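I opened the notebook today to look up a single chain, beginning with the whole and ending with one residue.

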Amino acid sequence: MNSMLELLQQPWPWYVAGPLIGLTVPALLLIGNKALGISSSLRHVCAACVPAGIPFLTYNWRAEIWNLVFVLGVALGGFIGYQLMGHPEIINISPETINDLKTELHLTDFSGLLPRELFSLDNLANWKGWFFLVFGGFLVGFGTRYAGGCTSGHAISGLSNLQWVSLVAVIGFFAGGLLMTWVVYPMLF
């Protein structure tokens, strides 16, 4: 048991983790004719819980119950993993990245999993924090629905199925992320 726990606590190399993730998609398609995805589960939850006559939510969501079980398994697995393995007190970040975060974004606290200056409840105490939470949440939700899936759904499932729309979406995700990181975010902070 200890050797398995030690194996799981170490970062896996890309040439092991990547193919394992990549082979999950064709396995789901071959075994159950299912597409791997998380963002569609919100639609299934809404269809099950909101018994209104909304056309978008009027479909047989019970046929997709496996997706809800999958999402529950992801959440439960994350909880169990955290309880068994915990998290390191200090995350190993390269000195160049720390220097960039200090000079460009003025971050100083690197003690947790996320920078506390960006991800703390104190950030909700001002209008800028609420704006980013509400407006950002709307943009993510709208973009996910408009693009026909989330970033990982397009990047993992869509690209492995050779879908042209997923390639365009992934290029757009990267371009938007770079634009936000290097242009918009520095102007706001």
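This is a predicted model: local features need pLDDT of at least 70, side-chain atom pairs count only at pLDDT 80 or more; totals for chains, interfaces and linings use all residues.

Residues are numbered from 1 along each chain as its sequence is written, and side-chain values use heavy atoms, with hydrogens and water left out.

Fold. I found eight helices and zero strands in the chain, where helices (H or I, at least four residues) and strands (E, at least two) are DSSP runs numbered from the N terminus. The C-alpha trace spans about 50 × 45 × 35 Å along its principal axes.

Contacts. Taking contact to mean heavy atoms within 4.5 Å, I saw that, of the contacts with a separation of 6 or more, 40% join residues 24 or more positions apart.

Surface. The accessible surface is about 14,100 Å², and carbon and sulfur atoms hold 72% of that area, by the Shrake-Rupley method with a 1.4 Å probe. Of the 189 residues, 15% are buried, which means under 20% relative accessible area, with exposed being over 50% and partly exposed in between.

Charge. I recorded 7 positive and 9 negative side chains, with the centres of the two sets 19 Å apart; Lys and Arg count as positive, Asp and Glu as negative, and His and the chain ends are not counted.

Glu104. This residue is in helix 5, residues 95–104, and is partly exposed at a relative accessible area of 48%. I also looked up Phe189, 85 residues from Glu104 along the chain, and the C-alpha atoms of the two are separated by 9.6 Å.

Notes:
Buried means under 20% relative accessible area, exposed over 50%, partly exposed in between (1.4 Å probe, protein chains only). The place of a charge is taken as NZ of Lys, CZ of Arg, CG of Asp or CD of Glu.
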